[in-house]
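I'm opening my notebook on this one.

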Amino acid sequence: MRALILAAGVGHRLAPLTDRQPKCLLPVGGRSLLERMLESLAAVPVSEAVIVVGHCQDQIRRVAGSRFGRLPVGYIENPEYTRDSIRSLWVCRDELDEDSIVMDADVLFPTAFLRRLLACPDPSALLIDRGFTDTGEEVKVYARAGRVLAIGKKVIEPPPHDTVGEAIGFFKCAAAHGPLLRECMEEVLRDQSRYREYEDAIDLLLRRVRVGWVDTGGLPWTEIDFVEDLRRADEEVLPLIQRLGDHA
């Protein structure tokens, strides 16, 4: 199992904090989000972390190095990191020939999230939070009978479903589904009329193969997009994670 960490973006909504450093290197409790993520990955059965870099990439390379504990670390550069988020997944499309976990780099979470996702019996699966508050900004996941049917921030007509949750930003992709995901990315990239998220390609994949889901189980986490998210991560979420005895 390989981890593909999408860390190339600029993080404009956190400016000026991210003007001269990547969002994933912002400190929470005195350590960067990326270090915490790599520590969690080193604690589970993952063979390698591949970090997609762009904005201020030299800083990421210095922090993560070529090995983080037992975990080998590699890099792929996204030269178009100021454009659509799908391009960060596109540049590592050849890495999808192995079972992979695609991960947003701006999430503070307990290591238990990875254990839950890896233990999910579905070869491909999304990690979701069914206890989310819908503000309209969340990437939502709709599922029925254990199968994910749609994912997106603005799903205009959700399919009939028995489950809805917020996507955490972690997607386990089976090696057998990697070629299909590449085809879905190609289809999304052909549409030049709008900004394209990598979740758009996953949404197409859902129509071709079964993708399951696993819930966060009410464990603490947060995505960091705004300064208030960073404050909450430091003051509220990290202490909760630490009380789990899970120093991710």
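Why is helix H6 (residues 198-206) largely enclosed by the rest of the structure? I found that 8 of its 9 residues are buried, so the rest of the structure largely encloses it. Buried here means under 20% relative accessible area, with exposed over 50% and partly exposed in between (1.4 Å probe, protein chains only). Helices (H or I, at least four residues) and strands (E, at least two) are DSSP runs, numbered from the N terminus.

Ground rules, before I go on. I'm reading a predicted model, where local features need pLDDT of at least 70, side-chain atom pairs count only at pLDDT 80 or more, and totals for chains, interfaces and linings use all residues. Residues are numbered from 1 along each chain as its sequence is written, and side-chain values use heavy atoms, with hydrogens and water left out.

Back to H6. Its buried residues include Tyr198, Glu199 and Asp203. I see the buried residues of H6 packing against several elements, among them strand E1 (2-6), strand E11 (147-152) and helix H5 (178-189); contact means heavy atoms within 4.5 Å.

Next, the cores. A nonpolar core is a set of buried Ala, Val, Leu, Ile, Met, Phe, Trp, Tyr and Cys residues joined through side-chain atoms within 4.5 Å. The largest has 37 residues, and Ile5, Leu41 and Phe170 have the most contacts inside it. Helix H1 (residues 33-42) gives the largest share of this core, 5 residues. I checked Ile5: leaving out residues up to four places away in sequence, Ile5 touches Leu34, Leu41 and Met103, among others. A second, separate core of 35 residues includes Ile76 and Phe171.

Then the pockets. On a 1 Å grid over the protein atoms alone, a pocket is an open set of points where a 1.4 Å probe fits, with protein on both sides within 12 Å along at least five of seven lines; lining residues have an atom within 4 Å of a point. The largest pocket is lined by 50 residues, with Arg13, Lys23, Asp106, Glu223 and Asp225 nearest its centre. E12 gives the most to that lining, 4 residues. H6 turns up again: E11 and H6 each supply at least two residues of the lining of the second largest pocket.

Last, the cysteines. I found 0 disulfides in the whole structure, a disulfide being a pair of cysteine sulfur atoms within 2.5 Å. For Cys120, the nearest cysteine sulfur, that of Cys173, is 13 Å away. Cys120 counts as buried because its relative accessibility is 10%.
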